[in-house]
Amino acid sequence: MRIASVSVLVLSSIISVNAFRLGLNRMRKTSISMNDDSLSSRSNVAKKFFSKAVPILLSFGLMMPPSGPMPAAYADETVTTAPWDSGIKYSIIKSGTGDKPKVGDIVAIRFKGSYKGNVFDDTFATFEPYLYRCGVGSIVKGLDDSVLQMKVGDRWKLTFGGDLAFGKKGKPSAPGKPRIPPNAEIDYEVEFVELPGKGEDTILDVE
């Protein structure tokens with residue numbers, strides 16, 4: 001009777017995990033239309049679910065411990081100094097497995113910039129990601145330099161100021177957007193969506 005109960009529990013866990021993974025994949029595909037609060041809430045549900053289901057499957061040898069980058073629900077968000085520039089602090093929200101760009105590559109990213117919690121730019125809220133040629137100085141240096149270190153699928157948080165941000169000039173206020181003082185530290189959340197036309201003869205009109 002005990003063996004039968006355990007078998008039912010394990011089978012239920014397998015079905016639940018697979019169903020939950022399917023739901024997470026669908027959530028990721030539609031995340032562009034979801035706000036940050038909704039994404040955060042679902043991520044917390046995922047953490048609670050897997051913290052209970054995964055140990056059961058591991059104990060019965062029905063699931064192997066992950067060997068590659070941890071999925072988003074397990075991302076290590078420890079803030080560290082960037083090895084490519086000591087003026088940048090970063091943390092990893094999600095680890096991707098795609099290609100890294102080279103200087104001059106056209107990249108598609110989504111990002112949200114904020115100053116003391118006040119958002120001044122947000123392409124997560126737009127229909128299409130932001131396309132630009134990386135490494136040529138067309139966006140703020142701290143963000144541009146960091147994108148060059150990312151892989152497709154990566155999602156990071158960044159903090160930097162001074163010449164890596166808006167420098168001595170700062171940024172004037174605009175309707176619904178904050179004024180950013182000279183040399184102020186700003187925060188970005190950035191996701192590397194894709195390398196459009198990688199390996200193809202694609203011509204895009206970008207900055």
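Mentor: Begin with a term. A salt bridge is a side-chain nitrogen of Lys or Arg within 4 Å of a carboxyl oxygen of Asp or Glu. Keep in mind that this is a predicted model.

Trainee: How many salt bridges does the structure hold?

Mentor: It holds 5. In general, side chains of opposite charge can pair when their charged atoms come close. Take Glu189 and Arg155: their closest N and O atoms are 2.6 Å apart. Glu189 sits in strand E7 and Arg155 in strand E6, 34 residues apart, so the pair links distant parts of the chain.

Trainee: Are Glu189 and Arg155 buried or exposed?

Mentor: Both Glu189 and Arg155 are buried. They also belong to one network, in which salt bridges with shared partners join Lys94, Arg155, Glu189 and Glu191.

Trainee: Which residue forms a salt bridge with Lys102?

Mentor: Asp105 does, with the closest N and O atoms 3.9 Å apart. Asp105 is buried, with a relative accessible area of 19%.

Trainee: Now the nonpolar core. How do I read that?

Mentor: The general idea first. In soluble globular proteins, nonpolar side chains tend to be buried together. Here the largest nonpolar core has 30 residues. Ile109, Leu143, Val147, Leu158, Phe160, Tyr188 and Val190 touch the most other members. The elements giving two or more residues to this core are strands E3, E5, E6 and E7, plus helix H3.

Trainee: Which residues is Tyr188 in contact with, leaving aside neighbours within four places in sequence?

Mentor: Among them are Phe111, Phe120, Leu143, Trp156, Leu158, Phe160 and Phe166. Lys112 and Lys157 are also in contact with Tyr188.

Trainee: Where is confidence lowest, and where is it highest?

Mentor: The chain averages 75, and 58% of the residues score at least 70. Helix H1, residues 2–29, is lowest, at a mean of 43. Strand E6, residues 155–160, is highest, at 98.

Trainee: Over which residues does pLDDT stay under 50?

Mentor: Residues 1–43 are one such stretch, with 33 contacts beyond four places in sequence in the model. Residues 64–74 are another, with 13 such contacts.

Technical notes: Residues are numbered from 1 along each chain as its sequence is written. This is a predicted model: local features need pLDDT of at least 70, side-chain atom pairs count only at pLDDT 80 or more; totals for chains, interfaces and linings use all residues. Side-chain values use heavy atoms; hydrogens and water are left out. pLDDT is the predictor's confidence in each residue, from 0 to 100. Helices (H or I, at least four residues) and strands (E, at least two) are DSSP runs, numbered from the N terminus. Contact means heavy atoms within 4.5 Å. A nonpolar core is a set of buried Ala, Val, Leu, Ile, Met, Phe, Trp, Tyr and Cys residues joined through side-chain atoms within 4.5 Å. Buried means under 20% relative accessible area, exposed over 50%, partly exposed in between (1.4 Å probe, protein chains only).
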